[in-house]
Amino acid sequence: MNKFFKELRRREVFRTGGLYVGIAWILIEAASVILPTFDFPAWVFKSVVIVAFVGFPVSLVLAWFYDVTEEGVLREDDKAELEDSAIGGRKMDFIVIGVLAVALIVSLYLNVNSGPPVEVELAPVSVLIADFDNQTGDALFDGSLEQALNIGLEGATFITAYSRQAATRALETIKAGSKLDEEGARLVSIREGIKLIVAGLIKADGSGYEMTARIVNPADGELIADTTVAAKNKIEVLSAVSGLADGIRKALGDKSVGSADRPLGETFTASSLEAVKNYTRAQDLAAAARYDEALPFYELAIKEDPNFGRAYSGWALALFYLGRTDESNALWEQALSKLNTMTERERYRTLGLYYVAVTEDFQK
């Protein structure tokens, strides 16, 4: 065993390993800073680390068979005993110690100065979604896209979508008979202090559809940002609205868009435009205290999408206000069983209504 270790020392395997570790350490530390700065994907840094680890045993094997001398790279078996090698003896010791010292200093400097990552907390933003400009001629898109986009935007914790029902009532007092289009939304936003409006448009594009959303400053109508998505057919329109919401959130500074925790397209829970349209109609009637008329539309929404948790809670709440407690409780159980299909804000809203209106558990 002693002879083996002596041979390792003679062939400078230990020195080569130390030099390799020092250089790899410096490269990994530098990559951990440089790659994120230039928005390289995470797999690039992982690849650097893997290559560094794989290269270590390779460097030891090469050190066993080869040495660098004034005559060039020679096999150890063919190398004469050269005292003045290009890298050898005490000179090699000093180089290894120097590289390791530099690696340690670089590591300490980066860790002390970088500190924990600071998450930028975005300022709250209130948004009013105007009526989509439906240029398709298909009434299915009237009222359904706005509701889907509303839910998608509220997936961002810093965005609050202003109630479209409240906006419609406010607009009636400002300018009776007006529609909640871009102009009407601007009027309401100025009066109510809403920061931004989102004006959408959908039009046919061959056999598919193209949708655009514009983020506008209500005070002067200035365009802040816009985003466009496409759907190959009517079935894909709802998921395309999800992409529209992602584009708006990204334009407003949401860094979670596309992350592993919240992939693109997972912004709201309904899976059918028909379900969203019926739910929207039911919500409008319920907001006007026309609960009897709202019930069949909630039922239709759930028929189109049996996992539409918000439709269950809306239906349950309407029945509660009508005094049909047993039916309401049964539907609340259904709604609560669908919590895992809802966005975070939908869950809070559903549980809030349940604890306040039904159980009167105000602490919760």
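The protein chain averages a pLDDT of 79, and 74% of the residues score at least 70; pLDDT is the predictor's confidence in each residue, from 0 to 100. This is a predicted model, in which local features need pLDDT of at least 70, side-chain atom pairs count only at pLDDT 80 or more, and totals for chains, interfaces and linings use all residues. Residues are numbered from 1 along each chain as its sequence is written, and side-chain values use heavy atoms, with hydrogens and water left out.

**Exercise 1.** State how many contacts beyond four places in sequence the model has for residues 69-73.

*Solution.* Over residues 69-73 the pLDDT stays under 50. A contact means heavy atoms within 4.5 Å. For this stretch the model has twelve contacts beyond four places in sequence.

**Exercise 2.** Locate Glu360 and decide whether it is buried or exposed.

*Solution.* Glu360 lies in the segment after helix H13 (344-358); helices are DSSP runs (H or I, at least four residues), numbered from the N terminus. Its relative accessible area is 52%. Buried means under 20%, exposed over 50%, and partly exposed in between (1.4 Å probe, protein chains only). Glu360 is therefore exposed.

**Exercise 3.** Describe the phi angles of Ala289 and Glu360.

*Solution.* Most residues other than glycine have a negative phi. Ala289, although not a glycine, has a positive phi of about 65 degrees. This residue is placed in the loop between helix H9 (273-287) and helix H10 (291-304). For Glu360, also a residue other than glycine, phi is positive and near 55 degrees.

How values were computed
Helices (H or I, at least four residues) and strands (E, at least two) are DSSP runs, numbered from the N terminus.
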